[in-house]
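Subject: Structure for you, with notes

Hello,

Please find the structure below, with its sequence. My notes on it follow.

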Amino acid sequence: MTSVQINNVTKRFGDFTAVRDLTLDIPQGQFIALLGPSGCGKTTTMNMIAGLENPSEGSISFNGSDLSGMRLQDRNIGFVFQNYAIFTHLTVYKNLSYGLEVRRLARSEIDRKVRAMAGRMGISHRLGEAASRLSVNEMQKLAIGRSAIVEPRVFLLDEPLSNLDASFRAYMRAELKVLQREFGQTMIYVTHDQIEAMSLADKIAIIDQGRLMQYGAPLDVYNDPHSRFVANFVGSPRINLLDGRLEGESGRLKLLLDGGAEIALSAGAAAEFSRVGFAQAVTLGIRPQHIYLGDRRSPEDIGMRGRVEEIERVGPTRLAYLQVGQTRFLSVDSHDRLSTGEEITFYLRADKSLAFDLATGDRLGGRLH
Amino acid sequence: MTEMTAEPVLDKTRQRRRGYWSSVSLDGRKLGFWLAAPAVMMLIFIVIFPLAMQFYLSLTWWTPLDGVRWYRAYESFNIGDNYLRLLTDGALWAALGRTFLLMIVAIPAQFMLGLGLAYLFMEQFVGRKLFYSIILTPMMIVPAVVGLIFFLLFQSTGPVNDTFGLPVSFSWLTDVHRAMLSVIIADTWQWTPLMFLILLAGMLGVPRDQLTAGRLLGASNWQNFRKIILPRIKSVIAIALVLRTVECFKIFDVVFVMTKGGPGVETETISLFLYKKTFADLDWSYVAAIGLTILFSLSLIAACGMAYASMKKN
């Protein structure tokens, strides 16, 4: 079992800074997802852990001991490439045995391990075949098995599911979770798919433009995003982000959204916001799931009246676009009872409403209640 | 009447155009034959005729000294005496032996050097493009000029002796053992770049990811080289070796300029031997017999090689 420490790591390629002052502590045996949009530096981070790139500044340690200067082949890292990097000139068997052969294990030992791993991954029947003849799904299994067979200290997976068809991806997602429990190894998983990250990881590190935006358990990140970027990136359907400004009026604090909707803030929220000053440009964040219809559930919730502009069906759920003035809210129509053009009253859950500084994207105060 | 019952559909056409030529445009096979005929004739003239003529002459005593025209060479027909003669010709076999010696030393040397250089050039380094051009230069030089360059370098008063502090009495091109070595060095200098170029092309085709994957699985660079790079460029290696073997067998210009086959016959390869037989001895029918025999043997070896390769593939 190995823990990984990334200490103030910066990586520059010429003028371009791929990773900025990244610090991440990955406890042993955990499943960590590095989540971010393409080009955010997550793969570079992964490559630095593997030793494929050296940090420009800072250090990376396993169990507290610095890795710099250690040869690539001595790090003992399981790496599953996005395109699997299967040795297509070898048989499936030889692919699995590669890591054992270079360690000069006894032939009988290699054979035993290869057969056990092939059985575990469900590719026993293809051992003698050329690896180039495997399907993409089988290649994925082979790639994982080939890395796992050498019992690596840390498992790194670079977008391993992105090439798979949808049904196998769902299966593999579950399978990865099982494998991680079986192997008990620390796993670091790079993805740009927040659903994958949310469903698999013990902890998610969200990275944007080389910076760590937030690091925490999936639900914490979802419920308590520290910035507008994180709120926007995590969660499906996407959070409503509505720009506006705070205004004081006869001792009460109001949030004026750009589209014209007005939200009067409770005394508690006002106290929170008074710290950041009046007439400040802010963004209101509210997840579609936290907008509800019908009766008010809590006196603090924010009531609004608007028109159902459009209804969109996404699988079993219906999404409703609710228009207040020029402001548009996306909500989940959980009871299937809305129809287009209808005037309705809806409520924003105050305890789930978030506010961000428009300029910096940082989270402001607590919640709107 | 029988014609009409055989192909009633073509009846009307047939009445208008009769004879062989009118049917050519309707019959795909006939048309194909006549369209291909000019090209086939050309091929026969270019390839088959010279070979056939050579075979014909090799069965005679034809030589320019007699003043007999080539098509009347049959007058000195000798029932394969030339072929019997080449079997027992010590000078011919010695020349063949020297050619093989040269090949056995020069080609592995070129291969190893080319392989090593190609491996170095898989990495990016400062000046890679410049060195790449420099390394490829020898290949572009006319072989006779390469011969001349090494002829000058290996003079006993030349720069090689100078560099190594060897006395003027230490000769390269006129020494029984060192003459062949000099030729091998010149050939290696000129043709390592070709090996390098072909092998590099093969190596650059090896997916980077696979090498990285190998390293991460604990393989050293050497293990990766043996287990991933070499197996993947097997066919490229085969092509490079075959190309160089064929070329090396034909070596002439470099040797001719550097040593003229000397001292004595120490560097006389098969091409030089044939050259001397042709122009010094004017023994043309014998040369034809040797040429055909070599062509036939090499073709046989190549065919066996290819059959073996395709057998292994299946």
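I will begin with one residue in chain B. The side chains of B:Thr259 and B:Thr267 make a polar contact at 2.6 Å (a polar contact is a pair of N or O atoms within 3.5 Å; within protein, one must be able to donate a hydrogen and the other to accept it, and residues adjacent in sequence count only if both atoms are side-chain atoms). B:Thr259 sits in the loop between helix H14 (253–258) and helix H15 (270–279) of chain B. Helices (H or I, at least four residues) and strands (E, at least two) are DSSP runs, numbered from the N terminus. With a relative accessible area of 11%, B:Thr259 is buried (buried means under 20% relative accessible area, exposed over 50%, and partly exposed in between, with a 1.4 Å probe and protein chains only). Not counting residues up to four places away in sequence, B:Thr259 touches B:Leu173, B:Val183 and B:Thr267, where contact means heavy atoms within 4.5 Å.

Before the rest, some conventions. This is a predicted model, in which local features need pLDDT of at least 70 and side-chain atom pairs count only at pLDDT 80 or more, while totals for chains, interfaces and linings use all residues. Residues are numbered from 1 along each chain as its sequence is written, chains are lettered from A and ligands numbered from 1 in the order in which they are written, and side-chain values use heavy atoms, with hydrogens and water left out.

Contact between the chains

The contact takes 22 residues from chain A and 17 residues from chain B. About 1800 Å² is buried between chain B and chain A, and carbon and sulfur atoms give 59% of that. Buried area is the accessible area (1.4 Å probe) that two parts lose on being put together, summed over both. B:Leu216, B:Leu217 and B:Lys227 supply 40% of what chain B buries against chain A, more than any other three residues.

Across this interface of chain B and chain A there is one salt bridge (a side-chain nitrogen of Lys or Arg within 4 Å of a carboxyl oxygen of Asp or Glu). B:Lys227 forms a salt bridge with A:Glu101, with the closest N and O atoms 2.7 Å apart. There are also 10 residue pairs in polar contact across the interface of chain B and chain A, both residues at pLDDT 80 or more. Helix H11 (208–216) and helix H12 (221–232) of chain B each supply at least two residues of the side that touches chain A. The largest share of that side, seven residues, comes from H11(B).

Domains of chain A

Chain A is divided into domain 1 (4–86 + 134–226) and domain 2 (240–367); the bounds come from an automatic or database domain assignment. The centres of the two domains of chain A, taken over C-alpha atoms, are 36 Å apart. Five residues of domain 1 are in contact with eight residues of domain 2. The area buried between domain 1 and domain 2 of chain A is about 570 Å², with 36% of it from carbon and sulfur atoms. On the domain 1 side, A:Tyr222, A:Asn223 and A:Pro225 lose the most area to domain 2, together 72% of what that side buries. The count between these domains of chain A is one salt bridge. A:Asp224 and A:Arg363 meet through their side chains in a salt bridge (2.9 Å, N to O).

Nonpolar cores

A nonpolar core is a set of buried Ala, Val, Leu, Ile, Met, Phe, Trp, Tyr and Cys residues joined through side-chain atoms within 4.5 Å. The largest has 120 residues, and those with the most contacts inside it are A:Val4 and A:Leu156. Helix H10 (residues 178–204) of chain B gives the largest share of this core, 11 residues. A second, separate core has 26 residues, among them A:Ala261 and A:Ile286.

Backbone points to check

Most residues other than glycine have a negative phi, and most peptide bonds are trans. The peptide bond from A:Ser236 to A:Pro237 is cis, with omega near -5°. A:Pro237 is in the loop between helix H8 (228–233) and strand S11 (240–249) of chain A. A:Asp21, in strand S2 (residues 16–26) of chain A, has a positive phi near 40°. B:Ile79 has a positive phi near 50° and counts as exposed at 71% relative accessibility.

Regards
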